[in-house]
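Dear colleague,

Please find below the structure that I am handing over to you, with its sequence. My notes on it follow.

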Amino acid sequence: MTTTFDQSTHGARKRTIISVDAMGGDQGPPAVVSGIAKSAEKNPDIGFIVHGRAAEIAPLVEKAGLTDRCEIRDTAEVVTMDAKPAHVMRNGKNTSMWSAVDAVKNGEAQAVVSCGNTGALMAVSMLRLRKIPGVDRPAIACLWPSRNTGGFNIMLDVGADIRADERDLLQYALMGGSYARNGLGIDRPRIGLLNVGTEEHKGRAEIKSAHDLIAEMAPAAELEFVGFVEGGDIPSNRVDVIVTDGFTGNVALKTGEGTASLIRELLREAFNATLLSKFAALLALGSLKRLTKRIDPRRVNGGVFLGLNGTVVKSHGSADATGVSSAIKLAFRLAESGFTDRLAARVASTGQPSHDDDGMPEKNEQNA
């Protein structure tokens with residue numbers, strides 16, 4: 001069963017269509033549809049193609065009053081969180097995840113959002129969307145709360161691939177810079193290469209080689225390379241983009257999320273300890289709300305798969321409605337900016353051969 005909706009103009013403006021996998025994630029369709037409802041309420045320019053079991057999704061969509069904003073694509077199967085990516089690649093054609101990615105491949109949607117299995121989503125996305133020419137290893141980029149004016153830094157890779165050689169790290173720098181330019185509006189992003197120290201003699205051989213490659217390429221790519229940075233610089237205002245391998249990036253990401261949750265819990269315990277502390281909490285309520293909002297991982301929910309011929313946003317598996325809405329907002333912003341095309345142009349403009357290339361890719365305009 002497929003339920004269609006009017007994708008025509010809303011007023012004088014055509015809606016941007018986001019493809020959403022409703023079955024992935026720990027909280028299932030109720031959280032996903034609630035997140036869609038939050039996004040729809042805030043932004044009339046978004047339409048949705050929602051993929052999953054129609055019998056579960058349709059009542060939720062109808063209850064939320066979204067029948068005119070959502071098209072439902074009925075799929076019988078679901079990619080579970082413990083599914084092996086290779087198995088999904090061979091047998092996942094009837095899943096909601098596969099269907100959601102195909103909507104972008106077929107040009108029906110401008111971006112896809114899923115809370116599902118990260119490895120499977122990357123595998124299906126690579127299979128259906130293919131890598132941008134010149135990209136060897138796609139990366140997952142996340143937003144990290146920081147002291148910068150915009151409030152966030154970008155870090156990549158945070159889990160697409162645990163390995164990265166010097167050319168991969170160079171590509172991550174270029175893709176992260178393009179993301180910062182188009183997603184955060186930073187004209188000349190500052191790039192830092194994560195290392196165990198800022199001294200040039202420190203780090204593995206591939207890190208040192210990547211340092212030289214990025215430094216050489218940065219001026220032509222309209223990037224400012226600040227050199228090596230340490231873990232303490234990730235939330236600082238020293239950089240806009242932090243480049244690292246997927247193993248290190250994922251450990252840092254999970255550590256940061258856990259620390260943010262711990263701070264919230266400790267603050268709650270401290271202010272609930274005594275009557276005096278509860279009174280103090282009332283006096284500081286406004287400041288506490290601002291702090292809680294600033295460090296809330298749900299507000300920066302959504303890792304972007306960089307290096308593919310399509311925009312894919314991976315939401316946390318445990319995301320609630322607020323988290324799903326944040327991921328949709330990010331997908332919309334990137335779709336509106338024409339991010340994928342700009343990223344492809346940036347990668348092509350470097351003139352760097354991929355590991356699989358025998359020759360040099362053609363030059364392209366540097367407009368990313």
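In what follows, a residue is buried under 20% relative accessible area, exposed over 50%, and partly exposed in between (1.4 Å probe, protein chains only). By that scale, glutamate 56 is partly exposed, at a relative accessible area of 36%.

Two remarks on the source come before the rest. The model is predicted, so local features need pLDDT of at least 70 and side-chain atom pairs count only at pLDDT 80 or more, while totals for chains, interfaces and linings use all residues. Residues are numbered from 1 along each chain as its sequence is written, and side-chain values use heavy atoms, with hydrogens and water left out.

Overall composition

The chain has 12 helices and 14 strands, where helices (H or I, at least four residues) and strands (E, at least two) are DSSP runs numbered from the N terminus. Of its 368 residues, 52% are buried. The accessible surface comes to about 16,600 Å², and carbon and sulfur atoms account for 52% of that area; areas come from the Shrake-Rupley method with a 1.4 Å probe, and for residues only the protein chains shown count as cover. Contacts (heavy atoms within 4.5 Å) between residues at least 6 apart in sequence join residues at least 24 apart in 72% of cases.

Confidence

The mean pLDDT of the chain, the predictor's confidence in each residue from 0 to 100, is 84, and 88% of the residues score at least 70. The pLDDT is below 50 over residues 8-12, a stretch with five contacts in the model beyond near neighbours in sequence. Residues 353-368 also stay under 50, and there the model has 39 contacts beyond four places in sequence.

Helix α7

Helix α7 (residues 205-217) has 13 residues and should span 18 Å at 1.5 Å a residue; its end C-alpha atoms are 19 Å apart, which agrees. The expected span is 1.5 Å times one less than the number of residues. Which residues of α7 are buried? They are Ile207, Ala210, His211, Ile214 and Met217. Seen down the axis of α7, these buried residues fall within an arc of 145°, so they line one face of the helix; the arc is that of the directions from the helix axis to the C-beta atoms. An α-helix has 3.6 residues a turn, so residues three or four places apart point the same way. The buried residues of α7 pack against α6 (166-183), β10 (190-194) and β11 (224-229), whereas Ala205, Asp212 and Glu216 are exposed on the other side.

Salt bridges

The structure holds 12 salt bridges, each a side-chain nitrogen of Lys or Arg within 4 Å of a carboxyl oxygen of Asp or Glu. Glutamate 56 meets arginine 53 in one of them, at 3.7 Å from N to O; arginine 53 is partly exposed, at 34%. Another joins arginine 128 to aspartate 102, with the closest N and O atoms 2.7 Å apart. That pair links distant parts of the chain, 26 residues apart: arginine 128 lies in helix α5 (residues 118-129) and aspartate 102 in helix α4 (residues 96-105). Arginine 128 is partly exposed at 23%, while aspartate 102 counts as buried at 16%. Aspartate 233 and arginine 238 also meet in a salt bridge, at 3.3 Å from N to O; aspartate 233 is buried at 15% and arginine 238 is partly exposed at 33%.

With kind regards
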